[in-house]
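Hello,

Here is the structure for you to look at. My notes on it follow below.

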Amino acid sequence: MHDEHGHGHDHHDASSPEIRVEALEDLLVEKGLADRERIDATIRRFEHDIGPMIGADLVARAWADPALRKRLLDDADTVVAEMGMRGPEIEHIEVKANEPGVHNVVVCTLCSCYPWALLGLPPNWYKSPEYRARVVREPRAVLAEMGLELEPETKVRIWDSSSETRFLVLPERPLGTDGWPFERLAQLVTRDSMIGVARATDPDGQ
């Protein structure tokens with residue numbers, strides 16, 4: 001396992017803002033000014049739909065264009081800028097490609113550094129101390145618990161995000177998608193596959 005740590009920086013303490021947000025939400029719900037189910041639905045929409053669509057588009061274009069794929073792996077910052085993808089926490093992004101025999105996983109061991117502008121809101125499990133600690137120590141066990149079984153010979157590479165560098169996984173392109181336009185390919189790309197805890201969706205499973 002390759003454990004890439006690049007934490008030469010100060011992380012913010014995410015727990016205090018989270019506590020304040022939860023307290024504010026509780027107060028608004030208590031006073032009848034907000035509905036918890038609607039709040040949760042909005043968060044789910046940004047976690048799974050609106051946010052990850054940007055990263056999925058980038059991955060699909062790289063699948064469909066070998067030259068773009070190479071440029072993305074060599075210099076993701078330039079490609080992202082050229083495509084007009086701007087937003088928080090992608091000042092410097094590196095893309096790591098999954099391929100036969102190699103599987104990449106992203107974590108932030110000290111807080112929750114995450115490419116918001118490409119993936120939307122980070123999932124709660126990504127921010128949890130359990131994931132942040134265990135995925136480095138026992139990545140195969142964590143991935144298996146999340147539904148991803150890797151072949152014994154597959155090397156697992158862990159990339160530790162920091163405030164200076166965020167990582168995005170380029171999942172393997174599913175078989176049976178030759179000739180697909182990138183718009184259709186993008187539908188196979190999930191948030192979790194771009195973090196590395198899942199594969200891209202099997203086209204036969206759609």
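C113 is buried, at 4% relative accessibility (buried means under 20% relative accessible area, exposed over 50%, partly exposed in between; 1.4 Å probe, protein chains only). This is a predicted model: local features need pLDDT of at least 70, side-chain atom pairs count only at pLDDT 80 or more, and totals for chains, interfaces and linings use all residues. Residues are numbered from 1 along each chain as its sequence is written, and side-chain values use heavy atoms, with hydrogens and water left out.

Back to the cysteines. The sulfur of C113 has its closest cysteine sulfur in C111, 3.7 Å away, too far for a bond. C111 is buried as well, at 3%. Its closest cysteine sulfur is in C108, at 3.6 Å, also too far. The structure holds zero disulfides (a disulfide is a pair of cysteine sulfur atoms within 2.5 Å).

Next, the rings. There are five aromatic pairs (Phe, Tyr and Trp rings, the six-membered one for Trp, with centres within 6.5 Å; planes under 30 degrees apart are stacked, over 60 edge-to-face, the rest tilted). One of them is W125 with Y126: edge-to-face, 6.3 Å centre to centre, 70° between the planes. Y126 and Y131 are tilted, because their planes sit at 35°, with centres 6.0 Å apart. W125 is partly exposed at 23%. Y126 is buried at 1%, and Y131 is buried at 5%. Y114, W125, Y126 and Y131 form one aromatic cluster.

Two charges sit over rings (NZ of Lys or CZ of Arg within 6 Å of the ring centre and within 35 degrees of the ring normal). K96 is over W159, 4.2 Å from the ring centre. R184 is over W180, at 3.6 Å.

Best wishes
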